[in-house]
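Dear colleague,

Please find the structure below, handed over for your records.

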Amino acid sequence: FAAVHGNRSKYDVNSDIKINGWSTIVGVGAENEHNGGDFSWGVFYENGSGNYRTYNDFNNEFFRGDGSLVYNGGGIAARYENSHGVYTEGSLRAGMLKSEMTDALSDGENKYGYESETAYYGAHIGVGKIFSLGDDSDLDVYGKFFHTYTEGDSFNVADDEFEFDSINSDRLRIGARVTSNKENKFSTYYGLAYEYEFNGDADMTAQGLKAPTQSLQGSSVMAEIGLNYQPTPDSPWSFDLNMRGYAGERQGASFNVQATYTF
């Protein structure tokens, strides 16, 4: 399987930050019958890049900072669904995140940038149940919890030492998705979800002085619509197109295209 994901988002922190990015994921997996249910697993490689903007005010001077992000990593994922439509799923991932920024700081005469490279680790667990709504449609009700940890880093700017603390993100997502026309080569789905970030605090010190905390804590809502295409019932290929919109702590939109080959 392989997927491409694009997003354009704005996050409501002390000074709003806007991020535009692309990410890809490729992997292999297997699906087998187990104890009357269905067990699937996969291993994957992930890569992403993006750019972001910040808006800063210093000594009555207003200036914009521009940054870029690149990450590379990998992970494993698994899911088991029993004969009653109840499923559990989980994943583990790890990689490296590189960040560069220009015009991040100003001393009134000069502007300075920085570079940082840190490791990240993530995990998620989810539970849900699929209810049949008829011969060709169903309802998926789920809850998922996501945890991400990013290591801290330190660097010097104009002979001053800056330190980023490590960041923990803990998100809970509760939602539902309806899929229809499952027996056709074109099936459609749409859904709604509520998401709450419990943590997401980013702290920094400059020469031992603490800067204001940037926090992603808060609520967001997500609406999605998607289309799945399988040319024939016996075709090894299937394709999925997904579009999402966000409001609340996170605002913006994303889309995802995935191709799967089964053999």
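I begin with one residue and its surroundings. Leaving out neighbours up to four places away in sequence, the residues in contact with Ser99 are Tyr52, Ser68, Leu69, Tyr114, Glu115 and Ser116, where contact means heavy atoms within 4.5 Å. With Tyr52 there is also a polar contact, side chain to side chain, at 3.3 Å. A polar contact is a pair of N or O atoms within 3.5 Å; within protein, one must be able to donate a hydrogen and the other to accept it, and residues adjacent in sequence count only if both atoms are side-chain atoms. Ser99 belongs to strand S5 (residues 86–106). Helices (H or I, at least four residues) and strands (E, at least two) are DSSP runs, numbered from the N terminus. Ser99 counts as buried because its relative accessibility is 12%; buried means under 20% relative accessible area, exposed over 50% and partly exposed in between, with a 1.4 Å probe and protein chains only. Between Ser99 and Asn156 there are 15 Å in space, C-alpha to C-alpha, and 57 residues in sequence.

Before going further, a note on the basis of these values. This is a predicted model, in which local features need pLDDT of at least 70 and side-chain atom pairs count only at pLDDT 80 or more, while totals for chains, interfaces and linings use all residues. Residues are numbered from 1 along each chain as its sequence is written, and side-chain values use heavy atoms, with hydrogens and water left out.

Confidence is given as pLDDT, the predictor's confidence in each residue, from 0 to 100. The average for the protein is 89, and 95% of the residues score at least 70. Strand S7 (residues 138–150) has the highest confidence, at 96, and strand S15 (residues 214–215) the lowest, at a mean of 76. Where pLDDT is low, the predicted coordinates should not be read in detail.

As to the overall build, the protein has 18 strands and zero helices. Its C-alpha atoms fill a box of roughly 70 × 30 × 30 Å along the principal axes. Of the 263 residues, 30% are buried. Among contacts between residues at least 6 apart in sequence, 56% join residues at least 24 apart. The accessible surface comes to about 15,100 Å², with 55% of it belonging to carbon and sulfur atoms; such areas come from the Shrake-Rupley method with a 1.4 Å probe, and for residues only the protein chains shown count as cover.

Two strands pair if DSSP finds at least two bridges between them. Phe162 stands opposite Ala206 in S13.

Thr179 is placed in strand S10 (residues 167–180). With a relative accessibility of 17%, Thr179 counts as buried. Not counting residues up to four places away in sequence, Thr179 touches Asp136, Ser137, Asp138, Thr188 and Tyr189.

Most residues other than glycine have a negative phi. Asn35, however, has a positive phi near 50 degrees; Asn35 lies in the loop between strand S2 (17–34) and strand S3 (37–58) and, at 69% relative accessibility, counts as exposed. Asn181 also has a positive phi, of about 60 degrees. The loop between S10 and strand S11 (186–197) holds Asn181, which is partly exposed at 28% relative accessibility.

Finally, the aromatic rings. Rings of Phe, Tyr and Trp (its six-membered ring) pair if their centres lie within 6.5 Å; planes under 30 degrees apart count as stacked, over 60 as edge-to-face and the rest as tilted. By this rule there are ten aromatic pairs. One of them is the edge-to-face pair of Trp22 and Phe255, at 5.6 Å centre to centre and 85 degrees between the planes. Trp22 lies in strand S2 and Phe255 in strand S18 (residues 250–261), so this pair ties together parts 233 residues apart in sequence. Trp22 counts as exposed at 51% relative accessibility, whereas Phe255 is partly exposed at 33%. One aromatic cluster is formed by Phe186, Tyr229, Trp237, Phe239, Tyr261 and Phe263.

Yours sincerely
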